[in-house]
Each structure stands twice: as C-alpha cells, then as structure tokens.
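Subject: Structure for you to look at

Hello,

Here is the structure I promised to pass on. Please open it beside this note and follow along.

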Amino acid sequence: MITYGPGYDNSQQASAAFRHHLDEVAEICTNRFLGKRVYEIGAGDGAFLERLEERGIDARGCDPASDGMHPLVDFVSFQMYVSSEVDVLLLRHVV
C-alpha cells in the first residue's frame, strides 16, 4: 500500500489544456458507456467523475490518495470493489 503525505495533490485541474482533455475523454466515455455503471480506479479528487455524471453516466470511483471528502470517491483500495457489480472499470489516469 502506498502512503501519501497530508499535502499530496496530483490534480492538474489548473491547466486549461488538461481540463479540455478531460472533457474530450468524458465525451468518448459518454458515447461508449451511457447506461452503464462505471467505476474509476484512481479517481483522484472526483473531477472526472463529476464530468461523467453531468453527462448522465452512473459513475463512482476510488483513490487511496484522495482526501476522502468527495462523495463519489471512496478513500480505499479498489480491491474492496473487485466483486462490485459494475459494467466498466475505468483506469483513465492509472495505467
């Protein structure tokens, strides 16, 4: 298990180019996953999950490096959800 310090933040949301990239990827996901339950491994601060939800996708995720404050992001390892009933496991920013 990786342990992150209290000040760790790998968000790239300050970059307009990265936000544009996220919107493009969210649109691709919408075209492929609308109507499916999506679970993102390494969901970070939940910003991408919010983009998916805005497009009508049932999305949730996990990230042990998150601050544990976002309602869509579980502050645990994905191993707790291996047996969860989801249609899509998304590893957008992990692999």
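**The nonpolar surface patch**

L91 sits in the segment after β4. This is a predicted model, in which local features need pLDDT of at least 70, side-chain atom pairs count only at pLDDT 80 or more, and totals for chains, interfaces and linings use all residues. Numbering starts from 1 along each chain as its sequence is written, and side-chain values use heavy atoms, with hydrogens and water left out.

L91 has 38% relative accessibility and so counts as partly exposed. The scale runs as follows: buried is under 20% relative accessible area, exposed is over 50%, and partly exposed is in between (1.4 Å probe, protein chains only). L91 forms a nonpolar patch on the surface with L89, V94 and V95. Together they have about 410 Å² of accessible area. Patch residues have over 30% relative accessible area and no salt bridge; nonpolar side chains (Val, Leu, Ile, Met, Phe, Trp, Tyr) are joined within 5 Å, like charges within 9 Å. Areas come from the Shrake-Rupley method with a 1.4 Å probe, and for residues only the protein chains shown count as cover.

**Layout and core**

The protein has two helices and four strands. From the N terminus, the order is α-β-α-β-β-β. These elements are DSSP runs, numbered from the N terminus: helices are H or I with at least four residues, strands are E with at least two.

Of the 95 residues, 35% count as buried. The largest nonpolar core has 17 residues. C29, V38, F48, L52 and I57 have the most contacts inside it. α1 (16-33), α2 and β4 (88-90) each supply at least two residues of this core. The largest share, six residues, comes from α1. A core here is a set of buried Ala, Val, Leu, Ile, Met, Phe, Trp, Tyr and Cys residues joined through side-chain atoms within 4.5 Å.

**Salt bridges**

Side chains of opposite charge can pair when their charged atoms come close. The whole structure holds six salt bridges. The cut-off is a side-chain nitrogen of Lys or Arg within 4 Å of a carboxyl oxygen of Asp or Glu.

Start with R55. It forms a salt bridge with D23, with the closest N and O atoms 3.9 Å apart. R55 lies in the loop between α2 and β2 (58-62) and D23 in helix α1, so this pair ties together parts 32 residues apart in sequence. R55 is partly exposed at 25% relative accessible area, and D23 is partly exposed at 33%.

R55 also meets E27 in a salt bridge (3.4 Å, N to O). E27 is in helix α1, so this pair ties together parts 28 residues apart in sequence. E27 is partly exposed, at 38% relative accessibility.

Now the strands. D58 forms a salt bridge with R37, the closest N and O atoms being 3.7 Å apart. D58 lies in strand β2 and R37 in strand β1 (residues 37-41), so the pair ties together parts 21 residues apart in sequence. D58 is partly exposed at 44%, and R37 at 41%.

Salt bridges that share partners join D23, E27, R51 and R55 into one network.

**The negative patch**

D45, E50, E53, E54 and D67 gather in a surface patch of negative charge. Asp and Glu count as negative, Lys and Arg as positive; His and the chain ends are not counted. Each charge is placed at NZ of Lys, CZ of Arg, CG of Asp or CD of Glu. E50 is found in helix α2 (residues 47-54). E50 counts as partly exposed, at 36% relative accessibility.

Best wishes
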